[in-house]
Amino acid sequence: MEDINVINNQVRRMKLSGIRKMFKLADETTINLGLGQPDFQPPEDVIEVYWKAMLDGNNCYGSTYGFPALRDEIAHHQSKYRSDLIGENIMITVGATQALRIALESTVDKGNEVLYPEPGFVLYAPQIRLTGAKPVPYPVHQNNDFIPSLEKLEELRTSKTKAIIVNSPGNPTGGVFAEKAVKQITEWARENDMLIISDEVYEMMVYEGNHVSFLGDYDNVISINSFSKTFAMTGWRIGFMVTQSDWIEQIGKLHYYTVACPPTPPQHAILYALKERLDFVENMTRTFKKRRDVIVSRLNDIPGIDCITPKGAFYAFPSIDLGMSSDKFALMLLEKGVLATPGNAFGPAGEGHIRFSYANSTENIHKAMDIIEEMVEGLDI
Ligand SMILES: Cc1ncc(COP(=O)(O)O)c(C=O)c1O
């Protein structure tokens with residue numbers, strides 16, 4: 001086919017996510033510890049409400065900002081973090097992915113710098129780059145529970161730094177910010193007139209204590225959230241953003257020109273789920289916690305693997321000291337039938353780690369750990 005150079009350089013330069021690359025190499029017999037989504041289905045009654053919403057004729061465009069009753073209900077839930085929130089502070093989006101995209105596009109300009117965690121979720125750097133701004137990674141380390149150091153953040157800050165992306169509970173690390181870290185970073189952002197974009201999609205999956213939101217008392221925060229993980233509905237593509245109401249109005253223009261409105265029928269089902277089925281996420285989180293304890297203890301029994309106990313989300317992110325790169329280790333594992341994600345898929349600072357998702361049965365986690373144990377025993381190190 002004649003190539004007339006249609007695809008621009010910006011897109012040509014983008015790299016395929018390392019997670020997706022690994023998936024292409026797996027087959028149906030592989031034990032999948034690569035999944036970034038719960039291995040659960042949404043509650044049946046929630047699915048029925050979705051179905052009924054469609055049968056009742058809710059198949060048309062809705063408000064760009066989202067279904068008003070759902071915005072009110074989300075505000076009610078988020079008001080545990082900030083008491084003055086109302087429906088106008090919420091915008092329903094097409095997943096957290098699109099919420100983050102329009103939040104960045106509406107706030108950050110060419111010439112700005114945006115700090116983001118590394119190892120960190122794969123969306124951050126490409127989405128920052130799309131705005132024309134410069135992505136500046138800040139490191140998070142296992143020896144500090146994957147919480148950023150304020151000294152390091154200050155070292156990386158320049159006069160061009162407009163925003164910082166934070167993520168707690170974190171993907172891929174499972175790190176959770178305690179109140180002290182949230183307060184310190186908030187004060188530092190306040191002193192430097194910086195926007196905080198806080199990715200809180202794993203808000204409901206915290207194993208010890210409570211989630212501490214960045215919404216708190218600082219006004220210059222955009223919280224990014226989603227129902228993908230909360231109700232095991234990653235394919236429904238419903239997320240939301242929480243911020244100042246005048247910012248919601250402004251960002252809403254970009255939202256309209258991007259998607260017109262978020263999908264209508266699932267919003268009915270999610271409103272029902274938020275009111276009636278929070279027990280679902282509580283039970284799921286209890287199951288994840290049990291699996292977490294199994295995987296962490298099994299990993300730490302393997303020589304050369306060191307895993308701190310993740311406090312949230314559903315990922316273990318151990319360091320590996322086995323005389324090989326994390327890519328090589330992940331490929332060897334895949335050959336033996338276990339899919340995991342090499343740490344460098346989350347940025348160069350993730351090298352030396354591997355991400356295991358425990359969104360799989362305890363039985364499969366044990367099987368996978370048996371395989372890893374045997375493989376490592378056979379290594380000549
Ligand atoms: C930290 C983090 N943020 C955002 C997302 C995207 O979520 P959504 O499905 O709502 O787009 C994910 C999904 O894996 C994630 O792990």
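Reader: Which residues are linked with R277 in a network of salt bridges?

Author: D45, R277 and D279 form that network of salt bridges. The general idea is that side chains of opposite charge can pair when their charged atoms come close. The rule here asks for a side-chain nitrogen of Lys or Arg within 4 Å of a carboxyl oxygen of Asp or Glu. Keep in mind that this is a predicted model, where local features need pLDDT of at least 70, side-chain atom pairs count only at pLDDT 80 or more, and totals for chains, interfaces and linings use all residues. Residues are numbered from 1 along each chain as its sequence is written, and side-chain values use heavy atoms, with hydrogens and water left out.

Reader: How many salt bridges does the structure hold?

Author: The structure holds 19. Take R101 and E105, whose side chains meet at 2.5 Å, N to O. Both sit in helix 5 (residues 95-107), four residues apart, about one turn of the helix; helices (H or I, at least four residues) and strands (E, at least two) are DSSP runs, numbered from the N terminus.

Reader: And which helices does the pair R298 and D370 link?

Author: R298 and D370 have their closest N and O atoms 2.6 Å apart. R298 is in helix 11 and D370 in helix 13 (residues 362-377), 72 residues apart, so the pair links distant parts of the chain.

Reader: Are those two partners buried or exposed, or in between?

Author: Read the relative accessible area: buried means under 20%, exposed over 50%, partly exposed in between (1.4 Å probe, protein chains only). R298 counts as buried at 13%, and D370 as partly exposed at 39%.

Reader: What are the domains of the protein chain?

Author: Domain bounds come from an automatic or database domain assignment. Here that gives domain 1 (9-42 + 279-377) and domain 2 (45-276). Their C-alpha centres lie 24 Å apart.

Reader: How many residues are in contact between domain 1 and domain 2?

Author: Contact means heavy atoms within 4.5 Å. By that test, 38 residues of domain 1 are in contact with 32 residues of domain 2.

Reader: What area is buried between domain 1 and domain 2?

Author: Buried area is the accessible area (1.4 Å probe) that two parts lose on being put together, summed over both. For this pair it's about 3,000 Å², with carbon and sulfur atoms giving 63%. In domain 1, P42, I308 and K311 lose the most area to domain 2, together 22% of what that side buries.

Reader: How many salt bridges does the rule find across the interface of domain 1 and domain 2?

Author: It finds two across that interface.
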